[in-house]
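Work through the exercises below with the sequence and the model in view, and try each task before you read its solution.

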Amino acid sequence: MNMAGVEAPSLRHSVANLKAPGFLWDRAASARFTDLDRGTSLGPGISLAGRLADLAGRSVLLATTCQLTTALALIELDAIARRLVILPPDVEAEHLGAVIAAAEVDAAVIDDGTAAAPGLALPVRVGCAPSIVPMDEALPARVATEWLLMTSGTTGAPKLVVHDLSALTAAITAPSPADGAAIWGTFYDIRRYGGLQIFLRAVLGGACLVLSSAGEPVGDHLARLAQHGVTHLSGTPSQWRRALISPAIRGIAPRYVRLSGEIADQAILDGLRAAFPRATIGHAYASTEAGVAFDVNDGLAGFPAGYVGAIRDGVEMKVVDGSLRIRSSRTASRYAGGEPKLADADGFVDTGDIVERRGDRYYFAGRNGGIINIGGLKVHPEEIEAVINRHPQVRMSLVRRKQSPITGSIVVAEIVLKSDQQRTGARQIELKDDILKLCREALPRHKVPAAISFVPAINVAATGKLLRRQG
Amino acid sequence: MSVKLTIIEQMEQIAREHGKILAPLKEDLVLADCGLDSLGFAVLVARLEDSLGIDPFTAAEDAFFPVTLGEFVKVYEHGGR
């Protein structure tokens with residue numbers, strides 16, 4: 001937490017004070033980011049010869065296509081740009097104009113891959129390359145920088161969430177020297193909140209970071225993680241389920257395994273425990289708006305009921321109408337543009353995540369907006385998936401609404417099995433019956449899927465979350 | 001397996017799963033009295049779409065639902081109407 005009047009060090013300054021050199025590894029290139037205290041990756045602009053001074057005080061859109069160049073630009077431009085508007089790769093071109101208007105963007109940082117979108121015709125365009133060259137200009141005057149992140153909602157225009165570096169880093173504690181050198185890896189894209197947390201954790205902790213690459217096969221990514229000797233690895237439960245199917249998972253042995261971004265059910269926690277018997281396995285709860293709320297490291301799904309109503313590490317939680325609300329110094333300050341208020345009058349952010357108390361723990365039931373109505377009875381697809389995922393042959397599942405002429409809606413399940421041979425094998429009817437039996441034992445009748453289909457894969461969005469279609 | 005037999009097997013299966021007792025499945029049995037409730041029928045229609053490849057009710061432009069078991073079977077035999 002910052003005391004009034006005391007400025008937190010800029011990212012560039014923090015990096016300059018690191019003792020050991022730190023590296024960022026992408027699929028195609030790498031950079032020693034600790035060299036940035038003496039150098040720059042920002043080269044001549046495309047339409048203007050722009051460098052740090054040209055970006056000083058501006059609202060800068062990071063339209064870089066590779067995560068490595070994005071990472072370097074973030075370190076370089078914190079405390080120099082007025083705003084850093086971080087563009088995730090999956091934002092559709094039609095929303096770009098709205099993003100630029102809402103964030104009052106007047107400059108862009110681009111790289112070799114940036115498409116010549118008409119919306120990017122900005123007064124200042126500066127190229128960014130993964131190579132760091134000696135800097136021959138003085139650092140511009142320091143400004144307070146707003147970090148603008150996009151919400152990970154899958155429909156409609158993204159909302160722009162305004163953070164500052166102290167809120168983004170408030171959950172990060174200094175690594176203990178006993179931990180040794182850390183090599184971080186993440187399945188996330190660092191241009192989303194979950195990935196950005198890992199990027200900041202690695203960079204501020206003086207660690208190295210293996211970045212993910214769009215379109216890279218899971219096996220190739222795992223091989224790169226193995227090659228760099230990853231010690232700390234983070235992803236969504238869906239990304240972990242996909243990784244656990246790959247034989248390349250056997251090449252890595254992280255000391256710390258982290259899940260966030262989706263509900264971590266007991267099946268995935270147990271699966272990771274079996275794969276990495278000596279690792280610390282933790283699941284974190286965070287959202288782009290509310291920030292990081294808590295970590296759970298006891299290997300169990302859900303979180304202790306005592307977290308609600310208490311103030312822990314400056315984070316206060318309450319449950320209103322079943323939905324988790326959070327107030328803390330890690331919360332974003334507001335939405336950019338004309339969006340409604342981010343927090344209520346008391347400063348609590350409604351996460352829209354529904355929790356249910358069972359015994360001395362709270363469990364996540366699903367999203368407030370994702371409820372399926374079956375003849376008047378409400379169902380969260382996530383609670384059904386959690387039951388299906390408990391079956392020993394199941395790797396992952398997706399429960400979705402199907403239109404029904406009788407009850408309006410009904411739930412059906414798509415399931416990826418651990419062994420793909422079973423999908424079409426002789427035992428598949430038996431296996432379907434067995435999974436349905438498990439559902440009937442654990443769930444009320446209306447929550448039992450009307451039909452099950454075995455599929456080779458389930459789509460995971462660029463955000464690392466299961467792609468849930470509306471309809 | 002005939003369409004009629006598929007439907008009867010599925011009805012028996014769902015009744016077992018839902019802990020319901022079915023009335024004797026005769027042609028003129030009124031569906032509302034057969035023992036399955038609306039959720040049971042919703043599951044039946046979804047499963048028949050899986051095994052027979054059609055959902056004649058959702059595909060239909062106007063809302064209709066047969067009254068007797070015999071009519072219900074006919075709707076599926078005719079692949080719609």
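**Exercise 1. Describe the open sheet of 3 strands in chain A: what is its strand order, and which strands are its edges?**

Step 1. The strand order of this open sheet is β25-β26-β27 in chain A, and the pairing is mixed. Strands, like helices, are DSSP runs numbered from the N terminus, with at least two residues (E) for a strand and at least four (H or I) for a helix. Two strands count as paired if DSSP finds at least two bridges between them.

Step 2. The edges are β25 (394-404) and β27 (451-454) of chain A, each of which pairs on one side only. From one strand to the next, the twist averages 25°, where axes are lines fitted to C-alpha atoms (for helices over the stretch in contact) and angles run from 0 to 180 degrees between N-to-C directions.

Step 3. The model is predicted, and for that reason local features need pLDDT of at least 70 and side-chain atom pairs count only at pLDDT 80 or more, while totals for chains, interfaces and linings use all residues. Residues are numbered from 1 along each chain as its sequence is written, and chains are lettered from A and ligands numbered from 1 in the order in which they are written.

**Exercise 2. In which sense, parallel or antiparallel, does each pair of neighbours in this sheet run?**

Step 1. Strands of a sheet pair through backbone hydrogen bonds, either parallel or antiparallel.

Step 2. β25(A) and β26(A) are antiparallel and share 10 bridges, and a hairpin joins β25(A) to β26(A) through 3 residues. Within this pair, A:V399 stands opposite A:A413 in β26(A).

Step 3. Strand β26 (residues 408-417) of chain A is joined to β27(A) by 4 bridges, and these two strands run parallel. Here A:I415 stands opposite A:F454 in β27(A).

**Exercise 3. Which residues of helix α12 (residues 428-442) of chain A are buried, and what covers them?**

Step 1. The 15 residues of α12(A) should span 21 Å at 1.5 Å a residue, and the end C-alpha atoms are 21 Å apart, which agrees. The expected span is 1.5 Å times one less than the number of residues.

Step 2. A:L431, A:I435 and A:C439 are the buried residues of α12(A). Seen down the helix axis, they fall within an arc of 80°, so they line one face of α12(A); the arc is that of the directions from the helix axis to the C-beta atoms.

Step 3. The face turned away from that buried side carries the exposed residues A:I429, A:E430 and A:E441. The cover over the buried residues of α12(A) includes α10, β25, α11 (421-424) and β27 of chain A, where two residues are in contact if their C-beta atoms, placed from the backbone, lie within 7 Å.

**Exercise 4. Which residues of helix α1 (residues 3-18) of chain B are buried, and which are exposed on the face turned away?**

Step 1. α1(B) has 16 residues and reaches 22 Å from its first C-alpha to its last, close to the 22 Å expected at 1.5 Å a residue.

Step 2. B:I7, B:M11 and B:I14 are the buried residues of α1(B). They fall within an arc of 70° down the helix axis, so they line one face of the helix.

Step 3. B:L5, B:E9, B:E12 and B:R16 are the exposed residues on the face of α1(B) turned away from its buried side. Among the elements that cover the buried residues of α1(B) are α2 (38-52) and α4 (69-77) of chain B.

**Exercise 5. How many residues of chain B are in contact with chain A, and which helix supplies the largest share?**

Step 1. The contact involves 13 residues of chain B and 14 residues of chain A.

Step 2. On the side of chain B that touches chain A, α1, α2 and α3 (56-59) of chain B each supply at least two residues. The largest share, 9 residues, comes from α2(B).

Notes: Buried ≥ 20, exposed ≤ 12 C-beta atoms within 10 Å, placed from the backbone.
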